[in-house]
Amino acid sequence: MKFIKSALFILLSVGAFLTFAEQTATISQQELLSLMATPENKTVVLDVRTAEEFAEGHIAGAINISHEQINDNLSKIIALKDQTVVVHCRSGRRAISAENDLRAAGFSDLRHLEGDMNGWQSADLPLVK
């Protein structure tokens, strides 16, 4: 029984480490705004909400590909894989799914927008409609 408990503890520890290792770094709203304001800005904002949500309001310059369509549209964005790509959705769940797909496709500098669109709107930051 001790062996089973030890083995289970090790498996859970390794699983927690791997989960942590796969988490995407975050970027604050203010950091993103600062990056977007620089003349040499090469940061890509990827909005993974639906087209309808995107049309209701989005961050200026954002690319819209629904989280469900990321893999089907990789050919459209694969050239961006070595740039900083900031991913967001409404509240975070869909963005995490998209980040996993992008990471698997070789995207090397992914960031998750803190607060996602809910946070952006709560801070009364600019939207394009």
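How exposed is Arg111? Arg111 is partly exposed, with a relative accessible area of 27%, where buried stands for under 20%, exposed for over 50% and partly exposed for what lies in between, using a 1.4 Å probe and protein chains only.

1. Basis of the values. This is a predicted model, in which local features need pLDDT of at least 70 and side-chain atom pairs count only at pLDDT 80 or more, while totals for chains, interfaces and linings use all residues. Residues are numbered from 1 along each chain as its sequence is written, and side-chain values use heavy atoms, with hydrogens and water left out.

2. Sheet. Five strands form an open sheet in the order E1-E5-E4-E2-E3, with parallel pairing; two strands pair if DSSP finds at least two bridges between them, and the elements are DSSP runs numbered from the N terminus, helices (H or I) having at least four residues and strands (E) at least two. The edge strands, each pairing on one side only, are E1 (25-27) and E3 (63-64). E1 and E5 (residues 109-113) pair in the parallel sense over three bridges, and Ile27 stands opposite Leu113 in E5.

3. Helices on the sheet. Helix H2 (residues 29-37) lies across E1, E2, E4 and E5 and runs at about 70° to E1, the angles running from 0 to 180 degrees between N-to-C directions of lines fitted to C-alpha atoms, for helices over the stretch in contact. H5 also packs on the sheet, where H5 touches E2, E4 and E5 and its direction makes about 180° with that of E5; contact here means heavy atoms within 4.5 Å.

4. Salt bridges. Three are counted, each requiring a side-chain nitrogen of Lys or Arg within 4 Å of a carboxyl oxygen of Asp or Glu. Asp47 bridges to Arg49, with the closest N and O atoms 2.8 Å apart, and both residues are buried. Arg94 pairs with Glu53, also at 2.8 Å between the closest N and O atoms; this pair links distant parts of the chain, Arg94 in H5 and Glu53 in H3 (residues 51-56), 41 residues apart. Asp109 bridges to Arg111 with the closest N and O atoms 3.0 Å apart.
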